Amino acid sequence: MKLVFKHIILGFGLLTVIGLQSCKKLTDVNINPNEASTTHPQALLTKVEWDAFRTWHGTSPLYALKMIVQTDGENANQIYNWQRGSFEQYSFLRNITKMTEEAEKISDNNYQALAKFFRAYYFYNLTLTFGDIPYAEAAKGESSEMFLPKYDTQKEVFVGILKELEEANTLLKSNTNPINGDIIYGGNSNKWRNLINSFRLKVLLTLSRKSADFPIDIKSEFAKIYKGETLIADATGSEDGQLIFLNQEGNRYPEFNSSGYGSGMYMDSTFIQRLQDHKDPRLFVLATQTRLGKEAGKALDDFSSYEGGNPIVPYAEVNEKAVKGKLSKVHERFYKDPTAEPLVLIGYSELQFIIAEAIVRGWITGNEKECYVNGIKASFKFYENYAKNLNNYVDASRLESYLSQKMVNLDNAKTSEEKLERILMQKYLRSFHQGGYTAYFDHLRTGYPSLLKADNVKIAYRWMYPQDEYNNNTVQVSEAIKRQFAGNDNINLQTWWLK
């Protein structure tokens, strides 16, 4: 079925006004009887899911998180010198808006619920990226002719996100019918509820610094959801919100056959060092041995055969080290395996670290060590499931040995800060090519883990607004910049959630 969508302008599009003076309406003569004007929302859901689960994937976050370095040029993310961000995620709201409209026509709560979740997910990403953003008036160019949407404050956006997530959960409670077109959970609405409620906890923890400046009691809301709602609970990964790839055209892993991995991209020395210090066998499924290590005949699980590049020295120095065969590359499975591994939007491992942090902060009662260990176990299980032919390096015996180490065992952390540092470190170590900028936002929020910066490099808290907004939505974006930053659209200025 062919679907024709009007361009929905979100504050950066072009407004076209057509004056109609004819006594006969244009719509009366401009209808193609062979084109469908409506469709079932299931025809839209698959595309909506495909776009959302791939949104944050790519190498850009890996540079910012000090996991990879560049040797053939200066990467802006590596030195925290990015400038303008993109409003591309607003374009994904078009299909979500259309899916909502079609779901409302047939009174299907399932599709309305998922539309609310995906809206909340995109707005969460966008507000963390920029600060104040169009929210209440966004995606209404077609329905309400709001072509120049106003910017809502970041606080208002977070209130709206949490409201939409709560509504999504409620709608799914009242309708347990299968969800056709669902490529994530095969139509299981209960698993979608688990994901949505788990994501609610993630959003609330993001606001850990705003307990005194939010209309919702963040701690109480977290505890209410934790105690009273269903969450992702299967440690094997069967309930994880993940997009699994297939070895067929258009459905392969995004980095498959990527040329970037074969050129100037290498592992970051700080990431390698952390894995070595923890004697973490996940190193063997994430990176390759150095050329010198291979030539020396060192075993694949010999930690000394791995080395990264210093992210804060001139890239020419790192390149010289690469030429000498002293640098590890990203493991070839990421670009040689067409199905590599799923992309996880949120799963059991991340949720367990979220809960562990909440326990340490006193938001809920529970055993933080148990949750911490569960998070690590789930991360190892993920690689055991998907790092093909490398499973034995992350099996149960390796896991038990890892958990017993002094640097890993949470019992050796005596203060709440030491516990938080270990929890956030493990949450970070599981995030290679997973979760986009989540670990970076955790770093901004908590300071953990520390990320190496040169002395002259300032921390980047956000991205500047797109140039299109300056060109087409000038009044609204200017007001937002004035309100937040006294007129200075700067990446080194904090937005509300961090103040």
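A residue counts as buried when its relative accessible area is under 20%. The model is a predicted one, so please read every value below as computed from it. The chain holds 22 helices and 6 strands. Its radius of gyration is 24 Å, close to the 23 Å from the globule rule for 499 residues, so the chain is as compact as a globular protein of that length.

**Overall build**

- Along its principal axes, the C-alpha trace spans about 85 × 50 × 50 Å.
- Among contacts with a separation of 6 or more, 76% join residues 24 or more positions apart.
- The chain exposes about 21400 Å², and carbon and sulfur atoms supply 48% of that area.
- Charges come as 59 positive and 59 negative side chains, and the centres of the two sets lie 2 Å apart.

**Aromatic pairs**

- A search of the whole structure turns up 42 aromatic pairs.
- One of them joins Tyr80 and Trp82: the ring centres are 6.0 Å apart and the planes meet at 75°, so this pair is edge-to-face.
- Tyr80 is buried, with a relative accessible area of 3%, and Trp82 is buried too, at 4%.
- Phe158 and Trp496 form another pair, with ring centres 6.2 Å apart and planes at 45°, so this one is tilted.
- That pair links distant parts of the chain, since Phe158 belongs to helix α8 (residues 154-173) while Trp496 sits in the segment after α22 (474-485), 338 residues apart.
- Both Phe158 and Trp496 are buried.
- Ring pairs also draw Phe158 and Trp496 into a cluster whose other members are Phe92, Phe117, Phe118, Tyr121, Tyr122, Tyr124, Tyr185, Trp192, Phe199 and Phe214.

**Backbone features to look at**

- The peptide bond from Tyr448 to Pro449 is cis, with omega near -15°.
- You will find Pro449 in the loop between α20 (438-446) and α21 (467-472).
- Lys66 has a positive phi, near 60°, although it is a residue other than glycine.
- Its place is the loop between α3 (60-64) and β1, and Lys66 is buried at 1% relative accessibility.
- Ala486 also has a positive phi in a residue other than glycine, with a value near 55°.
- Ala486 lies in the segment after α22 and is exposed, with a relative accessible area of 71%.

- Thr71 is in the loop between β1 (68-70) and α4 (88-91).
- A relative accessibility of 4% makes Thr71 buried.
- Leaving aside neighbours within four places in sequence, Thr71 is in contact with Gly264, Tyr266, Tyr315, Val318, Asn319 and Leu327.

- Pro41 occupies the loop between α1 (26-29) and α2 (42-53).
- With a relative accessible area of 1%, Pro41 is buried.
- Pro41 and Glu102 are 61 residues apart in sequence, yet 5.6 Å apart in space, C-alpha to C-alpha.
- Glu102 is one of the residues that Pro41 touches; the others are Met99, Ala103, Ile106 and Tyr111, not counting residues up to four places away in sequence.

- Asp152 is part of strand β3 (residues 151-152).
- Asp152 is buried, at 5% relative accessible area.
- Beyond residues up to four places away in sequence, Asp152 touches Asp132, Ile133, Pro134, Tyr135, Ala136, Val157 and Arg483.
- Asp152 and Thr270 are 118 residues apart in sequence and 38 Å apart in space, C-alpha to C-alpha.

Note on methods:
Residues are numbered from 1 along each chain as its sequence is written. This is a predicted model: local features need pLDDT of at least 70, side-chain atom pairs count only at pLDDT 80 or more; totals for chains, interfaces and linings use all residues. Side-chain values use heavy atoms; hydrogens and water are left out. Helices (H or I, at least four residues) and strands (E, at least two) are DSSP runs, numbered from the N terminus. The radius of gyration is taken over C-alpha atoms; the globule rule is 2.2 Å times the number of residues to the power 0.38. Contact means heavy atoms within 4.5 Å. Accessible areas come from the Shrake-Rupley method with a 1.4 Å probe; for residues, only the protein chains shown count as cover. Lys and Arg count as positive and Asp and Glu as negative; His and the chain ends are not counted. The place of a charge is taken as NZ of Lys, CZ of Arg, CG of Asp or CD of Glu. Rings of Phe, Tyr and Trp (its six-membered ring) pair if their centres lie within 6.5 Å; planes under 30 degrees apart count as stacked, over 60 as edge-to-face and the rest as tilted. Buried means under 20% relative accessible area, exposed over 50%, partly exposed in between (1.4 Å probe, protein chains only).
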